[in-house]
Amino acid sequence: MKLPWMSRADRRRWEGARTLPDLGELMALWLEGSLLSRPGPDFTGAIQPDPETTRLVPVLAGLNRAGFLTDDSQPGEIGPGFDGLTWEQRAWVDGFVADAGLASRICEVGERAGLRVVVHVRGRQTLLVPRGGEVVTRRGGGDYTRAGIRMPDDHLAQVFEGCHPDAVRAVCEARQVTVFDPVWGRNDVLWPTLANALGGALSTVR
């Protein structure tokens, strides 16, 4: 049975987090199914990753445990969607990194692999993106989803609503990192590249 609210046990776990690594471990557990809910407005009920995320779980969980707290992602693919229209996706992930060295390594390894990397540090970024972000999803030939936009602190407070103020502060002070593959539909470059950037211990996704 799916609860319309976050379970008391899950709530205690998220409220107990104080640091970015704490949040990363809990996000990994949520991706793996050990936690039924993740933070959000009003600590809403049980919510699981989208079905398309299933094959990304090993690498996403590894990223979270390696210091890259992920917030959103998608595989690279092209094909008909639920609505009969053609959906085109670039492989993409964004999230938060506290360690400057790790952020630099992600940039260096990603750019060597031909990926696009955007890092926002309190209003600064390593790569300029078009106003309104970079398109990473097209639906029926029209722009649908954009990434690489800096999220303000008040928005992050909503995303992590219910977490301890120390944890929310850690997210707000972290570097906002977005990595995406410029090639539409390709899914075998971004994930192993990130695995290499974070020590090569993560599972690859194809």
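Biologist: Where does Pro-49 sit in this predicted model?
Modeller: Pro-49 lies in the loop that joins α2 to α3, and α3 covers residues 57-65.

Biologist: Which residues does Pro-49 touch, apart from its neighbours within four places in sequence?
Modeller: Pro-49 is in contact with Trp-30 and Leu-31.

Biologist: What makes that a contact?
Modeller: The cut-off is heavy atoms within 4.5 Å. Trp-30 and Leu-31 are both counted as contacts of Pro-49, so each has heavy atoms within 4.5 Å of it.

Biologist: How far is Pro-49 from Glu-32?
Modeller: Their C-alpha atoms are 9.3 Å apart, while 17 residues separate the two along the chain.

Biologist: Is their crossing left-handed or right-handed?
Modeller: α2 and α3 cross in a left-handed way.

Biologist: Which residues make the two helices meet?
Modeller: From α2 come Gly-24, Glu-25, Met-27, Ala-28, Leu-29, Leu-31 and Glu-32. From α3 come Val-57, Leu-60, Ala-61, Asn-64 and Arg-65. By class, seven are nonpolar, two polar and three charged.

Biologist: Why are α4 and α7 called oblique?
Modeller: Helix α4 (residues 100-112) and helix α7 (residues 190-197) cross at roughly 135°. Roughly perpendicular ends at 115 degrees, and roughly antiparallel needs over 145. The angle of 135° falls between those limits, so α4 and α7 are oblique.

Biologist: How close do the axes of α4 and α7 come?
Modeller: They come within 9 Å. The crossing is right-handed.

Biologist: Which residues make the contact of α4 with α7?
Modeller: α4 gives Arg-105, Ile-106, Val-109 and Gly-110. α7 gives Thr-193, Leu-194 and Ala-197. They divide into four nonpolar, two polar and one charged.

Biologist: What makes it a cavity?
Modeller: A 1.4 Å probe fits in a cavity but cannot get out.

Biologist: Which residues line the largest cavity?
Modeller: Asp-94, Gly-95, His-120, Ile-149, Met-151, Gln-176, Val-177 and Thr-178 do. Two elements give two or more residues: β4 (92-97) and β9 (175-180). The largest share, three residues, belongs to β9. Three of the lining residues are nonpolar, four polar and one charged.

Biologist: What makes the other kind of space a pocket?
Modeller: A pocket is an open set of points, with protein on both sides along at least five of seven lines. The largest pocket has a volume of about 530 Å³.

Biologist: Which residues lie nearest the centre of the largest pocket?
Modeller: Arg-38, Asp-50, Asp-71, Asp-72 and Ser-73 do, out of 26 lining residues. α2 (20-32), β1 (68-74), β3 (86-89) and β8 (142-147) each give two or more residues to the lining. β1 gives the most, five residues. By class, the lining has 11 nonpolar, 10 polar and five charged residues.

Methods. Residues numbered from 1 in each chain as written. Predicted model: local features only at pLDDT ≥ 70, side-chain atom pairs only at ≥ 80, totals over all residues. Heavy atoms only, no water. Axes fitted to C-alpha atoms, helices over the stretch in contact; angles between N-to-C directions. Helix = DSSP H or I, 4+ residues; strand = E, 2+ residues; numbered from the N terminus. Parallel < 35°, antiparallel > 145°, perpendicular 65-115°, else oblique. Left-handed = near helix turned anticlockwise from the far one by under 90°. Nonpolar A, V, L, I, M, F, W, Y, C, P; charged D, E, K, R; others polar. 1 Å grid on protein atoms, 1.4 Å probe; cavity = no way out; pocket = protein on both sides within 12 Å on 5 of 7 lines; lining within 4 Å. Points joined across faces, edges and corners; volume = space filled by probe spheres on them.
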